[in-house]
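Please read the points below alongside the model.

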Amino acid sequence: MTEIPKTMRAVLLTGHGGLDVLEYREDWPVPEPDANEVLIEVGACGLNNTDVNTRTGWYSKSVTEATSGGVLEEAAAEDAGWGGALSLPRIQGADVCGRVVAVGGPAGADLVGKRVLVDTWLRDWEHPLDLNKCGYFGSEADGGFADYTKVDARNVHPVESDLSDAELATFATSYVTAENMLNRAQVGEGDSVLIPGASGGVGSALIQLAKRRGARTIAMCAESKAEAVAAIGPDAVLPRAPESLKSALRDAIGQDKVTVVADVVGGDLWPQLIDVLARGGRYTVSGAIAGPMVELDLRTLYLNDLTFTGATIVPPGVFADLVGYIERGEIRPLLAETYPLAELVKAQEAFIAKRHVGNIVVTMA
């Protein structure tokens, strides 16, 4: 039986603002699992945009600028989190890989000793499809930027893989978000999927997951990352912001239309993204790192029979699908860098600088 200490290392989010609101502690109480929960010894935890956006308060409706990771004076605390106000202090970090070391009751007893990943969406298990009753691990409950974390046993998925803890910690948020976007847009064989922001965690996951479905993928990224993005395997790589997206598409794939745009960027390029959708095309979105405010000509929407979908809360079952893809080797991790937990601030600085391809992870070793 693993001896569990009374206190642990953890990084606390103490407010909304700059990196100084992240506080590293070595005396934080180890959580005690409730009746349906398990205690996980965290091996590694990946970074994601939700953690950064929540820290800065970017989700607040009063903020209209692109994500920067810096202080947003106009952000209001009452809507600073993805789903509203946040209870502080909070341990962030949704992308956990670790081992179950204890349970609070009979639930999850078969998980003790197993290496696991955590489904990041916390549900009311009497109403698992009620989106209004969902929370996010590391937002509405403490997450994995700590030595230990606890979560409902029904969110815990054993994983059989030769990948390291750090590699496994790259998957949860990025890949399940990408898979949800592709589900929402009903992407399948024969589709051509345009992916702005293809070098990031979600973008690089979209390339792999769309190709897994037999779709053709066209990635967009900065020139400095084009070689690394090309190595992921898209059918074409375009510049991040071409003067004419239609011309760039025509030069790359021989046509200036796509059937799907899977977007996490938004911003000034957005009208061009919508303009290259073929009649009956689908636009799915799960981020707006270049800015949330865009201009839509409604005639483009209805005259071309377009379908728009937002993708945030992921339905039950999608995470289990993702674990299956990992175990069968159908997708691979893109681990850019690792940092020790005590250097989470440095890790976030690197994450915000966006010079990497894939994801950045903190480890507990």
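1. Definitions for the packing. Axes are lines fitted to C-alpha atoms, for helices over the stretch in contact, and angles run from 0 to 180 degrees between N-to-C directions. Helices (H or I, at least four residues) and strands (E, at least two) are DSSP runs, numbered from the N terminus. The model is predicted: local features need pLDDT of at least 70 and side-chain atom pairs count only at pLDDT 80 or more, while totals for chains, interfaces and linings use all residues. Residues are numbered from 1 along each chain as its sequence is written, and side-chain values use heavy atoms, with hydrogens and water left out.

2. α3 against α9. Helix α9 covers residues 318-327, and α3 packs on α9 at an angle of about 115°, the two axes being 10 Å apart. That makes α3 roughly perpendicular to α9 (angles under 35 degrees count as roughly parallel, over 145 as roughly antiparallel, 65 to 115 as roughly perpendicular and the rest as oblique). The crossing of α3 past α9 is right-handed; a crossing has this label if the near helix is turned clockwise from the far one by less than a right angle, and is left-handed if anticlockwise. On the α3 side the contact (heavy atoms within 4.5 Å) uses A172, Y175, V176, E179 and N183, and on the α9 side V318, F319, L322 and Y325. These residues divide into seven nonpolar, one polar and one charged. Here Ala, Val, Leu, Ile, Met, Phe, Trp, Tyr, Cys and Pro count as nonpolar, Asp, Glu, Lys and Arg as charged, and the others, Gly among them, as polar.

3. α3 against α4. The axes of α3 (residues 172-184) and α4 (residues 201-212) come within 8 Å and cross at roughly 55°. The two helices are therefore oblique to each other, and α3 passes α4 in a right-handed crossing. From α3 the contact takes S174, Y175, T177, A178, E179, M181 and L182; from α4 it takes G201, V202, A205, L206, Q208, L209 and A210. Nine of these residues are nonpolar, four polar and one charged.

4. α1 against α10. What is the angle between α1 and α10? Helix α1 (residues 49-56) packs on helix α10 (residues 344-353) at about 100°, with the axes 11 Å apart. The pair is therefore roughly perpendicular. N49, D51, V52 and R55 of α1 meet Q348, F351 and I352 of α10, a contact of three nonpolar, two polar and two charged residues.

5. Second largest pocket. Its volume is about 310 Å³. A pocket is an open set of points on a 1 Å grid over the protein atoms alone, where a 1.4 Å probe fits, with protein on both sides within 12 Å along at least five of seven lines; lining residues have an atom within 4 Å of a point. Grid points are joined across faces, edges and corners, and a volume is the space filled by probe spheres set on the points. The lining of this pocket has 20 residues, with E37, A141, D142, K150 and V151 nearest its centre. β2 (22-29) and β8 (148-152) are the elements that give two or more residues to the lining, and β8 gives the most, with five. By class, the lining has 11 nonpolar, four polar and five charged residues.

6. Backbone points to check. The L88 to P89 peptide bond is cis, with omega near 0°, and P89 lies in the loop between α1 and β4 (95-103). D305, although not a glycine, has a positive phi of about 50°; D305 is in the loop between α8 (298-303) and β15 (307-310). K354 is another residue other than glycine with positive phi, near 55°, and is placed in the loop between α10 and β17 (359-363).
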